[in-house]
Amino acid sequence: MSSLLIFCRDCAKQVASSQTKNGLCLDCQVRRAVADLRDEHARLWRKRERYRTQNANVEQIGRQISRVEDRMGQRIKELVSNEREAVDYLRRELESARGQRYTIKK
Ligand SMILES: [Zn+2]
């Protein structure tokens, strides 16, 4: 099977054209698809940390956070058919959301 190689127009990685959509590799497709949810996740996480220091009830925020994580998982599953890969992508996005949190909170 011959497959055309193209450069992702976002990260410039060389990928098989069959794995791209709108010139984007799967990594970039996933990153873009969950970008708003990742921001939301980081925002809620900071809010929860703030509430926690005030000894406020954080249970509800915890539920909101897991809902955002579920929605990220859903969006990733729409793009990544292989379930194990989808889980890897979700883990990576959550790790990056966590990193984002620490970066923003200066
Ligand atoms: Zn890319």
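Colleague: Which exposed residues sit on the face of α3 turned away from its buried side?

Modeller: That face carries Glu59, Gln60, Arg63, Ser66, Asp70 and Glu78. Keep in mind that this is a predicted model.

Colleague: And which residues of α3 are buried?

Modeller: Val68, Met72 and Ile76. Looking down the axis of α3, you'd find its buried residues within an arc of 75°, so they line one face of the helix.

Colleague: How many residues does α3 have, and how far does it reach?

Modeller: α3 has 21 residues, and from its first C-alpha to its last it reaches 31 Å. At 1.5 Å a residue you'd expect 30 Å, so the two values are close.

Colleague: OK, switching to α2. What span should it have, and what does the model give?

Modeller: Helix α2 covers residues 35–53, which is 19 residues, and at 1.5 Å a residue it should span 27 Å. Its end C-alpha atoms are 28 Å apart, which agrees.

Colleague: Which residues of α2 are buried?

Modeller: Leu37, Arg38, His41, Ala42, Leu44 and Trp45. Around the axis they cover an arc of only 165°, which puts them on the same side of α2.

Colleague: What's exposed on the face turned away from that side?

Modeller: Ala35 and Thr53 are the exposed residues that face of α2 carries.

Colleague: What comes after α2, then?

Modeller: Asparagine 55 follows α2, and its phi is positive, near 55°.

Colleague: Let's talk about the core. Which residues make up the largest nonpolar one?

Modeller: There are 12 residues in all: Val30, Val34, Leu37, Ala42, Leu44, Trp45, Val68, Met72, Ile76, Tyr89, Leu90 and Ala97. α2 gives the most, with four residues.

Colleague: What is valine 34 in contact with, leaving aside neighbours within four places in sequence?

Modeller: Met72, Arg75, Ile76 and Glu93. Of these, Met72 and Ile76 are also listed in the largest nonpolar core.

Colleague: Zooming out, how many helices and strands are in the chain?

Modeller: Four helices and two strands. Starting at the N terminus, the order is β-β-α-α-α-α.

Colleague: What about its overall dimensions?

Modeller: The C-alpha trace spans about 60 × 30 × 20 Å along its principal axes. The chain's radius of gyration is 17 Å, while a compact globule of 106 residues would have one near 13 Å.

Colleague: Last one: what share of the residues is buried?

Modeller: Buried residues make up 17% of the 106 in the chain.

Methods:
Residues are numbered from 1 along each chain as its sequence is written. This is a predicted model: local features need pLDDT of at least 70, side-chain atom pairs count only at pLDDT 80 or more; totals for chains, interfaces and linings use all residues. A residue is buried if 20 or more other C-beta atoms lie within 10 Å of its own, exposed if 12 or fewer, and partly exposed in between; C-beta atoms are placed from the backbone. The arc is that of the directions from the helix axis to the C-beta atoms. The radius of gyration is taken over C-alpha atoms; the globule rule is 2.2 Å times the number of residues to the power 0.38. A nonpolar core is a set of buried Ala, Val, Leu, Ile, Met, Phe, Trp, Tyr and Cys residues joined through C-beta atoms within 7 Å. Two residues are in contact if their C-beta atoms, placed from the backbone, lie within 7 Å.
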